[in-house]
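Take a look at the two chains shown here. This report walks through how they are built and where they meet.

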Amino acid sequence: MNVISRGVRNAFRNNIRTLSVVVILGLSIALALSMLLAHQAVNKKIENIKSSEGNTITVSPAGVRGFQGGGNPLTQTQLNGVSNLAHVDTIEESLNDRLTSSDTNLQSSVQLGQLGQRFATNFGGGSGTISGNSSFNPADFTPPVTVLGSNNPTDLANTQGGGTFTLKSGAVFSSTSSDDVALVGTALASKNNLSVGSTFTAYNTTIKVVGIFSSGNDFSNGLLVMPLKTLQTLSSQPGDITSAVVTVDSVSNVNSVTSAVKSKLGSAADVTSSVDQAQTSIDSLNSIKNISVYSLIGAVVAGAVIIFLVMLMIVRERRREIGVFKAIGASNVKIVSQFMVEAVTLTILAAVVGILISLAAADPITRTLVNNSTNSGSTSSVQTPGFGTSGGAGGGGFARLRQQAGTGNGPTFVSSGSGIGRVRNNITNIHAVVSWNIVLYGLGAAILIALVGSGIASWSIAKVRPAEVLRTE
Amino acid sequence: MLKVDKLSKSFNGAAGKVIAVDGVSMQVLDGQFVSVVGRSGSGKTTLLSLLGALEKPTSGSIKVGNQDITVLGDRALIKYRAKQIGFIFQSYNLVPNLTALENVMLPMEFAKIPKDQRQPRAEELLNQVGITDDKQLRKPTRLSGGEQQRVAIARALANKPQLILADEPTGNLDSQNGKIIFGLLHQLAKKENTTIIVVTHDLSIAGKTDKTFRIQDGKLASSK
């Protein structure tokens with residue numbers, strides 16, 4: 001029997017009290033750990049955004065976004081000049097086009113639906129397929145198939161639909177490929193019974209399916225992705241680029257490179273950096289981070305107060321015992337150490353409970369924080385599958401329909417899948433992953449609080465003269 | 001030898017200054033069994049606390065052997081209490097979640113007696129006071145009052161102290177158990193050659209000690 005074994009045994013002296021303390025303190029530790037993990041997850045996301053998303057510049061032909069507006073495409077020559085600018089790491093180039101029934105034997109996976117009919121009625125047939133006579137009947141209309149030519153086919157973030165590229169089967173063609181091959185979205189593949197190795201016709205050419213991908217949304221799952229050079233050749237748009245994403249070596253150089261690109265391309269291009277967009281994500285995340293910090297502080301303070309008051313209560317309850325201990329030769333250090341061991345035992349038990357709770361609760365709590373933040377913010381956005389996905393006239397190709405039919409002005413859709421959708425993705429795609437170093441830090445902090453709390457409480461009693469304690473009882 | 005010289009202790013109470021012990025001088029020889037009697041509030045327990053270094057006197061000296069314990073620092077006092085003093089309280093004051101055996105071993109731990117010597121010594125003492133077999137492994141709540149006081153006596157003897165201070169050791173016991181405990185103390189004092197000072201208001205017990213001091217209003221009224 002020594003100080004440690006006595007301290008540990010004392011922790012179980014009153015089972016009901018031990019259980020109560022462990023549960024209450026465990027909840028406090030669980031909240032603190034969850035907030036710590038949420039804070040870490042948000043921090044990681046912010047760093048990720050800063051390193052990967054705040055450092056891009058989007059270059060579009062002046063007056064054009066996706067299939068909206070009008071103007072001339074950018075050329076490979078122009079973008080070669082951009083790639084030679086200082087601090088430019090890479091340029092992701094793409095060309096968008098649409099395939100109607102006269103261009104391909106594929107059928108779009110997008111359903112016309114109520115919205116499609118409305119758009120078709122308002123803006124005419126356009127590039128979709130109209131059966132029968134020349135007068136437009138929405139019921140006869142079939143949306144076109146959107147095709148993307150890209151030198152980075154696995155990055156869908158800058159396409160109209162956005163999403164995360166996941167290869168379901170097959171392989172991805174190389175960035176410099178000029179073969180007649182394509183990656184097909186799962187919805188489009190399903191609609192046309194395509195699998196890896198299948199062929200289809202586009203631009204009067206037989207195209208081989210080399211891979212099937214999923215993007216996480218209906219719009220992008222209806223995409224056809226081909227090598228940039230192939231699409232440029234087949235669609236008779238040699239060297240044309242409808243969108244480019246310039247990656248800069250550091251966020252701090254984005255503004256200067258943006259100016260240089262604007263200067264290089266002049267009025268031929270609209271140049272926008274992702275700094276503001278990244279900042280929007282970061283601002284939202286910072287508010288979540290602040291909530292997690294305040295909650296963390298609150299939980300830690302609550303835990304410290306709980307352990308201090310519990311130990312104060314226990315120490316006061318055992319004043320007489322402390323007096324007896326001193327009378328039979330115990331030093332203050334021994335007495336204080338014994339109470340510290342007792343407090344640490346209770347804290348470790350509570351920490352185990354807290355860790356178990358936080359293992360289960362950290363991720364849901366983080367998601368709740370994120371959801372509350374996004375619900376109260378202005379960045380939340382829900383798209384109707386297939387139509388109006390942030391590429392504007394994407395699904396049904398109605399902006400192009402309008403342009404081709406010359407039927408006047410249509411609605412202005414929110415442009416670019418890389419905008420609001422990405423901000424939303426940044427904010428909502430956060431998961432608190434339990435890292436053991438954080439758990440150990442939390443445990444260490446809890447034990448430190450227990451040591452200080454019990455030390456102060458027991459020292460206040462241990463320093464009094466034993467006769468004083470024995471007399472007052 | 002215990003030599004107390006002009007020992008005083010005063011407190012600041014609600015009604016002003018209270019002199020609990022007022023210029024007490026006394027001498028107790030080694031191995032003597034001494035009683036201190038007096039009415040409630042006369043200062044007996046305070047005198048015992050001063051002798052046990054549980055509190056510091058306002059003035060005067062207490063010499064145990066050649067050492068004046070009133071001038072000792074805190075660390076030396078802890079050592080003094082651990083090695084040279086044994087306490088027996090009226091309400092036993094055993095640690096409730098320790099067994100009888102562990103209670104007796106406790107002061108040995110504080111006196112830094114080697115681990116392997118603690119248990120045999122504790123068992124021997126408990127056997128001497130009549131706590132045997134499974135009772136040694138019982139917690140105080142599962143022992144009678146008389147048995148608890150026996151454990152307290154064994155605990156007081158654990159470190160072979162020079163001086164045992166007992167504050168009303170039979171106060172919570174019936175007369176029969178009181179006599180048994182008193183006899184036990186007497187017997188052990190002789191066997192271990194330990195000085196025992198018992199505070200009591202039971203004059204029948206006081207009459208059987210080697211020496212009796214009567215305290216009245218904090219002063220030593222008589223000794224015989």
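## The two chains

Two residues are in contact if their C-beta atoms, placed from the backbone, lie within 7 Å. This is a predicted model. In chain A, residues 24 or more positions apart account for 84% of the contacts with a separation of 6 or more. In chain B, the corresponding share is 71%.

Chain A has 473 residues, and 52% of them are buried. Its secondary structure contains 15 helices and 16 strands. Chain B has 224 residues, of which 48% count as buried. Chain B holds 7 helices and 10 strands.

## Helix H3 of chain B

Helix H3 of chain B spans residues 100-110. How many of its residues are buried? The count is 11 of 11, and the helix is mostly covered. Among the buried residues are Ala100(B), Glu102(B), Asn103(B), Val104(B), Glu109(B) and Phe110(B). Lys112(B) follows H3(B), and its phi is positive, near 60 degrees.

## H3 against H5

Helix H5 of chain B covers residues 145-157. The axes of H3(B) and H5(B) come within 7 Å and cross at roughly 25 degrees. Angles under 35 degrees count as roughly parallel. H3(B) and H5(B) are therefore roughly parallel to each other. The crossing is right-handed.

Which residues in H3(B) meet H5(B)? They are Ala100(B), Asn103(B), Val104(B), Leu106(B) and Pro107(B). On the H5(B) side, the partners are Val151(B), Ala154(B) and Arg155(B). By class, this contact of H3(B) with H5(B) has 6 nonpolar residues, 1 polar and 1 charged.

## H3 against H4

Helix H4 of chain B runs over residues 115-128. The axes of H3(B) and H4(B) come within 9 Å and cross at roughly 125 degrees. H3(B) and H4(B) are therefore oblique to each other. This crossing is right-handed.

From H3(B), the contact uses Ala100(B), Leu101(B), Val104(B), Met105(B), Met108(B) and Glu109(B). From H4(B) come residues including Arg118(B), Gln119(B), Ala122(B), Leu125(B) and Leu126(B). The contact of H3(B) with H4(B) divides into 8 nonpolar, 1 polar and 4 charged residues.

## Where the chains meet

The contact between chains takes 19 residues from chain B and 18 residues from chain A. Helix H2 (74-84) and H3 of chain B each supply at least two residues of the side of chain B that touches chain A. Which element gives the largest share of that side? H3(B) does, with 6 residues. By class, the side of chain B that touches chain A has 10 nonpolar, 4 polar and 5 charged residues.

## Nonpolar cores

The largest nonpolar core has 126 residues. Ala32(A), Val104(B), Leu126(B), Ala154(B), Leu165(B), Ile196(B) and Ile197(B) touch the most other members. The largest share of this core, 16 residues, comes from helix H2 (residues 15-52) of chain A. A second, separate core of 47 residues includes Ile57(A), Val246(A), Val248(A) and Val261(A).

Look again at Val104(B). Beyond its neighbours within four places in sequence, Val104(B) is in contact with Ala122(B), Leu125(B), Leu126(B), Val151(B), Ala154(B), Arg155(B) and Ala158(B).

## Leu74 of chain A

Leu74(A) sits in strand E4 (residues 74-75) of chain A. Is Leu74(A) buried or exposed? Leu74(A) counts as buried because it has 25 C-beta neighbours inside 10 Å, and the cut-off for buried is 20 or more.

Leu74(A) and Ser60(A) are 14 residues apart in sequence. In space, their C-alpha atoms are 7.4 Å apart. Leaving out residues up to four places away in sequence, Leu74(A) touches Val59(A), Pro61(A), Leu79(A), Ile241(A), Ala244(A), Ala268(A) and Ala269(A).

Lys6(B) belongs to strand E1 (residues 2-13) of chain B. Its phi is positive, near 50 degrees, in a residue other than glycine. Lys6(B) counts as exposed because it has 12 C-beta neighbours inside 10 Å.

Lys160(B) is found in the loop between H5 and strand E7 (163-167) of chain B. Lys160(B) is not a glycine, yet it has a positive phi of about 50 degrees. With 15 C-beta neighbours inside 10 Å, Lys160(B) counts as partly exposed.

Note on methods
Residues numbered from 1 in each chain as written. Chains lettered and ligands numbered in written order. Predicted model: local features only at pLDDT ≥ 70, side-chain atom pairs only at ≥ 80, totals over all residues. Helix = DSSP H or I, 4+ residues; strand = E, 2+ residues; numbered from the N terminus. Axes fitted to C-alpha atoms, helices over the stretch in contact; angles between N-to-C directions. Parallel < 35°, antiparallel > 145°, perpendicular 65-115°, else oblique. Left-handed = near helix turned anticlockwise from the far one by under 90°. Nonpolar A, V, L, I, M, F, W, Y, C, P; charged D, E, K, R; others polar. Core = buried A, V, L, I, M, F, W, Y, C linked by C-beta atoms within 7 Å.
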